[in-house]
Amino acid sequence: AVIGRAGAMAAAAMVVTAAGGGDFSDLREIKKQLLNVAERSRERGLQHSGKWAAELAFALEPLPLNELPPPPELTEEDARDLDAYTLAKSYFDLKEYDRAAYFLQGCKSQKAYFLYMYSRYLSGEKKKDDETVDSLGPLEKGQVKNEALRELRVELSKKHKAQELDGFGLYLYGVVLRKLDLVKEAIDVFVEAAHVLPLHWGAWLELCNLITDKEMLKFLSLPDTWMKEFFLAHIYTELQLIEEALQKYQSLIDAGFSKSTYIISQIAVAYHNIRDIDKALSIFNELRKQDPYRIENMDTFSNLLYVRSMKPELSYLAHNLCEIDKYRVETCCVIGNYYSLRSQHEKAALYFQRALKLNPRYLGAWTLMGHEYMEMKNTSAAIQAYRHAIEVNKRDYRAWYGLGQTYEILKMPFYCLYYYRRAHQLRPNDSRMLVALGECYEKLNQLVEAKKCYWRAYAVGDVEKMALVKLAKLHEQLNESEQAAQCYIKYIQDIYSCGEVVEHLEVSTAFRYLAQYYFKCKLWDEASACAQKCCAFNDTREEGKALLRQILQLRNQGETSSTDVAAPFFLPASLSANNTPTRRVSPLNLSSVTP
């Protein structure tokens with residue numbers, strides 16, 4: 001029914017429809033469509049959709065004069081409303097929304113009617129934001145409402161029932177429904193908008209923000225157009241399905257969009273999400289060369305610089321963005337990260353608050369502000385900030401993880417467990433979530449579950465290299481000495497195979513345990529090899545020496561006939577021969593226990 005109606009609507013509104021089924025064979029036609037929709041978005045004051053289409057069109061080869069798309073044709077209604085529309089659009093561009101709406105009253109054409117409704121919507125949003133900034137701190141944003149929403153919903157719903165809304169009108173109706181928290185209805189309307197006007201990126205983007213998992217995505221009846229490929233790549237990135245997202249973006253680059261700064265930035269964000277920091281940094285640096293005055297996604301770039309503690313680069317980025325536009329949300333977040341890296345947490349929190357005054361729905365700032373409050377030991381403010389982040393986007397694993405950490409500080413392990421589980425569901429292959437879950441189970445004395453979490457963390461590739469040590473200590477507690485020794489051996493192999501400078505405190509712990517374990521097993525060679533290693537660390541030096549003396553004493557007493565050969569490895573030969581740990585092979589049935 002939706003598609004049938006969409007066809008009729010498209011004919012009535014002279015909509016340019018996108019080519020079918022991810023077909024990129026005719027890039028000239030796609031460029032014409034993009035230029036057309038960019039112009040039509042701008043006419044309706046939809047600046048971001050217009051910019052997106054224009055950026056994508058810019059990435060394609062220029063069209064010769066005879067192939068440029070003609071301006072959209074005017075209907076009788078357009079001609080009648082032209083004067084009012086032209087006047088109102090000039091007021092709209094100057095952000096005089098009430099004035100624009102006043103002069104558009106009674107206009108019948110689709111374009112003028114959309115601008116009339118959109119002006120009223122933005123007027124309500126502006127008043128809401130002004131009131132919020134005037135009266136409340138950014139931690140109490142939820143109380144102020146856009147008063148215009150209910151009226152707009154009633155009017156748009158009548159038009160919708162009468163099938164009088166074009167693609168842009170449906171988009172606005174969906175936005176109003178989403179703002180009123182009518183998520184299911186909003187999704188249906190955005191899907192309809194995508195069918196009626198597949199080229200309008202705004203509708204696809206709104207749909208992205210409402211889809212919370214892959215199951216929801218399966219049940220959507222989406223139009224079969226090339227725009228769907230961009231939508232799927234974007235939603236895969238959002239849902240942390242990074243491999244699928246990168247495949248989609250690669251196929252879009254191969255199709256002819258290799259110069260698109262939008263695609264390059266999305267690939268950088270995808271690598272950031274899977275913590276491939278070096279790759280993400282190099283792509284962002286390349287992007288900055290191509291588009292030096294770009295501000296979007298620069299907060300993500302600053303997160304990477306922060307993680308790598310690259311102070312000079314972060315300082316340069318902050319100064320650079322300040323020169324371009326100091327009152328952009330991303331700029332405030334970059335400066336906040338810069339102060340945070342310098343451990344000036346009060347100043348950092350101040351800039352994140354400034355970002356939220358500029359845009360209360362800006363997800364990154366809520367999460368980062370939560371982190372700053374954690375650093376300042378202000379747990380109640382941190383909890384509030386993380387909760388706001390989750391209100392804005394339930395898929396933000398950092399906010400769930402942050403809440404888990406906060407409740408851990410407050411020594412409330414049951415709460416911790418709930419929040420870490422949510423973070424783990426969003427990032428099933430992130431070892432940090434699994435280690436945090438394991439620690440929670442340990443505190444609740446659910447040691448079997450804890451063991452499974454630690455093993456899973458190791459199997460998916462342990463970022464912090466702590467899972468095996470924690471697992472070994474659990475085995476120690478349970479007097480499972482053989483398993484504990486196995487874990488310590490794997491841990492040591494892991495550390496040394498990485499070629500890292502061994503500054504891990506736990507390496508000495510591992511050698512000490514193994515020395516004692518081999519000593520009990522009367523394997524003097526292995527025990528003395530491990531005891532010698534113990535002597536290299538301050539905290540285990542004395543124990544290592546004592547053990548070596550004991551081994552020497554027992555050998556002199558003829559306790560064993562083993563010849564005293566210096567072991568070439570610090571591990572028993574049987575294990576040192578195979579230095580590769582069994583990555584991603586799990587001996588446990590994890591599917592049944594993954595929270």
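What follows is a short tour, starting with how the values were worked out.

This is a predicted model, so local features need pLDDT of at least 70 and side-chain atom pairs count only at pLDDT 80 or more, while totals for chains, interfaces and linings use all residues. Residues are numbered from 1 along each chain as its sequence is written, and side-chain values use heavy atoms, with hydrogens and water left out.

**Charged pairs**

Side chains of opposite charge can pair when their charged atoms come close. Here a salt bridge means a side-chain nitrogen of Lys or Arg within 4 Å of a carboxyl oxygen of Asp or Glu. How many salt bridges does that rule give? The count comes to 29. Here are some of them:

| Pair | N to O distance |
|---|---|
| Glu 43 and Arg 44 | 3.7 Å |
| Lys 51 and Glu 296 | 2.1 Å |
| Arg 99 and Glu 96 | 2.7 Å |

Take Lys 51 and Glu 296, which meet in a salt bridge. Lys 51 sits in helix α3 (residues 47-58) and Glu 296 in the loop between α15 and α16, so this pair ties together parts that are 245 residues apart in sequence. (Helices are DSSP runs of H or I with at least four residues, numbered from the N terminus.)

Are these side chains buried or exposed? Buried means under 20% relative accessible area, exposed means over 50%, and partly exposed is in between, using a 1.4 Å probe and protein chains only. Lys 51 counts as partly exposed because its relative accessibility is 34%, and Glu 296 is partly exposed too, at 22%. Arg 99 is partly exposed at 40%, and Glu 96 is partly exposed at 29%. Glu 43 and Arg 44, on the other hand, are both buried. Those two also belong to a network of salt bridges with Lys 111.

**A buried charge without a partner**

Now find Asp 299, in helix α16 (residues 298-307). Asp 299 is buried but has no salt bridge, and the nearest side chain of opposite charge, Arg 398, is 7.6 Å away. Contact here means heavy atoms within 4.5 Å.

**An exposed tyrosine**

Tyr 327 is in the loop between α17 (311-325) and α18 (329-341). With 53% relative accessibility, Tyr 327 counts as exposed. Leaving aside neighbours within four places in sequence, Tyr 327 is in contact with Arg 354 and Leu 358. Tyr 327 and Leu 358 are 31 residues apart in sequence, and their C-alpha atoms are 7.7 Å apart in space.

**Helices side by side**

Axes are lines fitted to C-alpha atoms, for helices over the stretch in contact, and angles run from 0 to 180 degrees between N-to-C directions. Helix α14 (residues 261-273) and helix α15 (residues 277-290) have axes that come within 8 Å and cross at roughly 160°. α14 and α15 are therefore roughly antiparallel; angles over 145 degrees count as that, under 35 as roughly parallel, 65 to 115 as roughly perpendicular and the rest as oblique. Among the residues making the contact are Ile 264 of α14 and Phe 284 of α15.

Further along, helix α29 (residues 524-534) packs with helix α30 (residues 541-556) at about 155°, with axes 8 Å apart. α29 and α30 are therefore roughly antiparallel to each other.

Terms used: Helix = DSSP H or I, 4+ residues; strand = E, 2+ residues; numbered from the N terminus. Lys, Arg positive; Asp, Glu negative; His and termini not counted.
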